[in-house]
Amino acid sequence: FTKCCQETGLLMVVKCRQENTALKDCLVGYYSDPSFYEECKAEYLKQREEYRATGIKKKRQKFTPNM
């Protein structure tokens, strides 16, 4: 989806519909998985606990696109 949008520019809304649909389907699969939800929740609560104890924000992890 990212590659399609970068190559297409302003017409991405029209030309990247198929890629967008595939991306949405993939994300819905993850978000509806209870074990994945609990894993994300546990990670968030751990980071929040660390921040409240130390007052230091943890740097966000940057993700690289898989092209």
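A residue counts as buried when its relative accessible area is under 20%, as exposed when that value is over 50%, and as partly exposed in between. Keep this rule at hand while looking at cysteine 40, whose relative accessibility of 36% makes it partly exposed. The model you see here is predicted, and every value below was computed from it.

## The overall picture

Let us begin with the whole chain. Its secondary structure consists of four helices and zero strands, so the pattern along the sequence reads α-α-α-α. The chain has 67 residues, and 4% of them count as buried. Its accessible surface is about 6800 Å², with 56% of that belonging to carbon and sulfur atoms.

## One disulfide

How many disulfides does a search of the whole structure find? The search finds one. The partners are cysteine 4 and cysteine 16, and their sulfur atoms lie 2.0 Å apart. The link between cysteine 4 and cysteine 16 is left-handed, with -95 degrees about the S-S bond. Cysteine 4 sits in helix α1 (residues 2-8), while cysteine 16 belongs to the loop between α2 (12-15) and α3 (17-31), so the pair ties together parts that are 12 residues apart in sequence.

Are these two cysteines buried or exposed? Cysteine 4 is buried because its relative accessibility is 12%, and cysteine 16 is buried too, at 1%.

| Residue | Relative accessible area | Class |
|---|---|---|
| Cysteine 4 | 12% | buried |
| Cysteine 16 | 1% | buried |
| Cysteine 26 | 43% | partly exposed |
| Cysteine 40 | 36% | partly exposed |

## Along helix α3

What does the side chain of threonine 21 reach? It reaches the backbone oxygen of arginine 17, at 2.9 Å. An α-helix has 3.6 residues a turn, so residues three or four places apart point the same way. With a relative accessibility of 45%, threonine 21 counts as partly exposed. Between the C-alpha atoms of threonine 21 and phenylalanine 1 there are 9.2 Å, for a pair 20 residues apart along the chain.

Tyrosine 31 is another member of helix α3. Its relative accessible area is 61%, so tyrosine 31 is exposed. Tyr31 also belongs to a nonpolar patch on the surface, together with Phe1, Leu23, Leu27 and Tyr30. The accessible area of these patch residues together is about 520 Å².

## Helix α4 and what follows

Helix α4 covers residues 34-54, which gives 21 residues. Just after α4 comes glycine 55, which takes a positive phi of about 80 degrees.

Technical notes
Residues are numbered from 1 along each chain as its sequence is written. This is a predicted model: local features need pLDDT of at least 70, side-chain atom pairs count only at pLDDT 80 or more; totals for chains, interfaces and linings use all residues. Side-chain values use heavy atoms; hydrogens and water are left out. A disulfide is a pair of cysteine sulfur atoms within 2.5 Å. Helices (H or I, at least four residues) and strands (E, at least two) are DSSP runs, numbered from the N terminus. Buried means under 20% relative accessible area, exposed over 50%, partly exposed in between (1.4 Å probe, protein chains only). The expected span of a helix is 1.5 Å times one less than its number of residues. A polar contact is a pair of N or O atoms within 3.5 Å; within protein, one must be able to donate a hydrogen and the other to accept it, and residues adjacent in sequence count only if both atoms are side-chain atoms. Patches are made of residues with over 30% relative accessible area and no salt bridge: like charges are joined within 9 Å, nonpolar side chains (Val, Leu, Ile, Met, Phe, Trp, Tyr) within 5 Å. Accessible areas come from the Shrake-Rupley method with a 1.4 Å probe; for residues, only the protein chains shown count as cover. A salt bridge is a side-chain nitrogen of Lys or Arg within 4 Å of a carboxyl oxygen of Asp or Glu.
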